[in-house]
Every structure is written in structure tokens, then in C-alpha cells.
Amino acid sequence: MMSESVTVTVQDGSRPAGAAKPGDPGQGSSFALRFNPLYFRSIPGLLKIAQLILGIICLACGSPALYGGTHWFLFVASTAFLVTIVWCVIYLISLREALKLPINWILSELINYALYTLLYFTAFVAELASAFWAKHIVAGVFGLLNNVAYAASTYFLYLEWQNSRQ
């Protein structure tokens, strides 16, 4: 059975003598997940939603993978879709704030999104170059739009990373 920590505060914000502080060793876990749907009203959150919607359209229009470029396109679209879902869950349950790990979350996400911006660029070019049916052209165009969404996320993460270094 896990021990739980109770923090008591009085009205002026001070703690009674001997009261446990959150995160003190031996006082239980300070790991607290918080449901945060308001993140998805911000520009980065809206971009993640747009990436998921565009990713679903890319996957639907790009399949079945009958040609070489389509294989690459679907690989990039599906892995980017899955990783974006993971980032959405991280922000939805405030996992960044709950985990006290020495991870530079902003830099990690920036590298991830910069990589997928580059990969999506190669993927939509390959898809459009090897497009045989109209649906593959549509998939390539939506891949271009998703590439723009990933580039915008990369830009905003870069700005946030620059601000966090100052």
C-alpha cells in the first residue's frame, strides 16, 4: 500500500509547523497527472490537431501502397501520426510537468518535429513523383499541407526553445 502525503496550508499561504512539503522524500509520491484539454486551444495544440486530421487523410488517400514512393509516404505518415498521438497524450495529461526527469522536453519535441518536417518533405515529393491514381496525388497534396503544419510546429518550438535558454 502506498503512503499518501497530505499538505495542509493555512489561509495566509504558510504551512503549519511539521507539515510535509509536496515531494519531500518519504512523504509519498509527488507524481500527479492533470487533465489539460485547454492546451489544444493554443496554437501548438491546434497544430497538433491539424497534423492528426491531415495525417488520417494522408493515410486514407495514400493506401494501398502499390509503388515505391507510396511505401515511403505511408511509412512517414503513419510513424508521424503515431508520434504525434504520443505528444498529444503527453500534453493532454500534463506528463511533462508530472515527470521530474532531466529531459529537455522542448528540445526533444523540437528535434522530433524538425525530423518529421524533413521526412514529410521527402515523402510528399516521392508520393507526387510516383503518383499513378488521383487519390495518390491528393495524398501528396495533403502530405504537403501536413509538412507545412509540422514546419509551423517546428518554428513555434524553436521560438519556445530560444526563450527558455535566456
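Trainee: Which residues does Asn146 touch, not counting residues up to four places away in sequence?

Mentor: In this predicted model, Asn146 is found in helix α5, and at 0% relative accessibility the residue counts as buried. Its side chain also makes a polar contact of 3.0 Å with the side chain of Tyr120. Leaving out residues up to four places away in sequence, the residues that Asn146 touches are Gln51, Leu54, Gly55 and Tyr120.

Trainee: Is Thr154 buried or exposed?

Mentor: Thr154 lies in helix α5, and, not counting residues up to four places away in sequence, Thr154 touches Leu110, Tyr113, Ala114 and Thr117. Its relative accessible area is 15%, and the cut-off for a buried residue is under 20%. Thr154 is therefore buried.

Trainee: How does Tyr155 count by its relative accessibility, and what is the value?

Mentor: Tyr155 lies in helix α5, and Tyr155 is one of the residues that make a nonpolar surface patch. A residue is called buried under 20% relative accessible area and exposed over 50%, with partly exposed in between. Tyr155 therefore counts as partly exposed, with a relative accessibility of 47%.

Trainee: Which helix gives the largest share of the nonpolar patch?

Mentor: The patch is made by Ile43, Tyr155, Phe156, Tyr158 and Leu159, and its area is about 470 Å². The largest share, 4 residues, comes from the helix that covers residues 134–165, and this is helix α5.

Trainee: How many salt bridges does the structure hold, and which side chains meet in a salt bridge?

Mentor: As a general point, side chains of opposite charge can pair when their charged atoms come close. The structure holds 1 salt bridge, with a distance of 2.7 Å from N to O, and the side chains that meet in it are those of Glu109 and Lys48.

Trainee: How many residues apart in sequence are the parts that the pair of Glu109 and Lys48 ties together?

Mentor: Glu109 is buried, and so is Lys48. Glu109 lies in helix α4 (residues 105–129) and Lys48 in helix α1 (residues 43–62), so the pair ties together parts whose separation in sequence is 61 residues.

Trainee: What is the C-alpha to C-alpha separation in space of Ile106 and Tyr158?

Mentor: The place of Ile106 is in helix α4, and with a relative accessible area of 10% the residue is buried. Leaving aside neighbours within four places in sequence, Ile106 is in contact with Arg96, Leu157, Glu160, Trp161 and Ser164. Ile106 and Tyr158 are 52 residues apart in sequence, while their separation in space, C-alpha to C-alpha, is 8.3 Å.

Trainee: What is the phi of Ser94, which is not a glycine?

Mentor: The place of Ser94 is in the loop between α2 and α3 (95–98), and with a relative accessible area of 3% the residue is buried. Although Ser94 is not a glycine, its phi is positive, at about 55°.

Trainee: How far apart do the end C-alpha atoms of residues 139–159 lie?

Mentor: In an unreviewed UniProt entry, the annotation "transmembrane region" covers residues 46–66, 72–93, 113–133 and 139–159. For residues 72–93, which are 95% helix and 0% strand, the end C-alpha atoms lie 32 Å apart. The span 139–159 is 100% helix and 0% strand, and its end C-alpha atoms lie apart by 30 Å.

Trainee: Which pattern does the protein follow when read along the sequence?

Mentor: Of the 166 residues of the protein, 33% count as buried, and among contacts between residues at least 6 apart in sequence, 69% join residues at least 24 apart. The protein has 5 helices and 0 strands, and read along the sequence its pattern is α-α-α-α-α.

Key. Residues numbered from 1 in each chain as written. Predicted model: local features only at pLDDT ≥ 70, side-chain atom pairs only at ≥ 80, totals over all residues. Heavy atoms only, no water. UniProt positions renumbered as here; feature names shortened; annotations may be inferred. Helix = DSSP H or I, 4+ residues; strand = E, 2+ residues; numbered from the N terminus. Patch = residues over 30% accessible without salt bridge, like charges linked within 9 Å, V, L, I, M, F, W, Y side chains within 5 Å. Areas by Shrake-Rupley, 256 points an atom, 1.4 Å probe, with all protein chains shown as cover. Salt bridge = Lys/Arg side-chain N within 4 Å of Asp/Glu carboxyl O. Buried < 20%, exposed > 50% of the residue type's maximum accessible area, 1.4 Å probe, protein only. Contact = heavy atoms within 4.5 Å. Polar contact = N/O pair within 3.5 Å; in protein donor to acceptor, adjacent residues only side chain to side chain.
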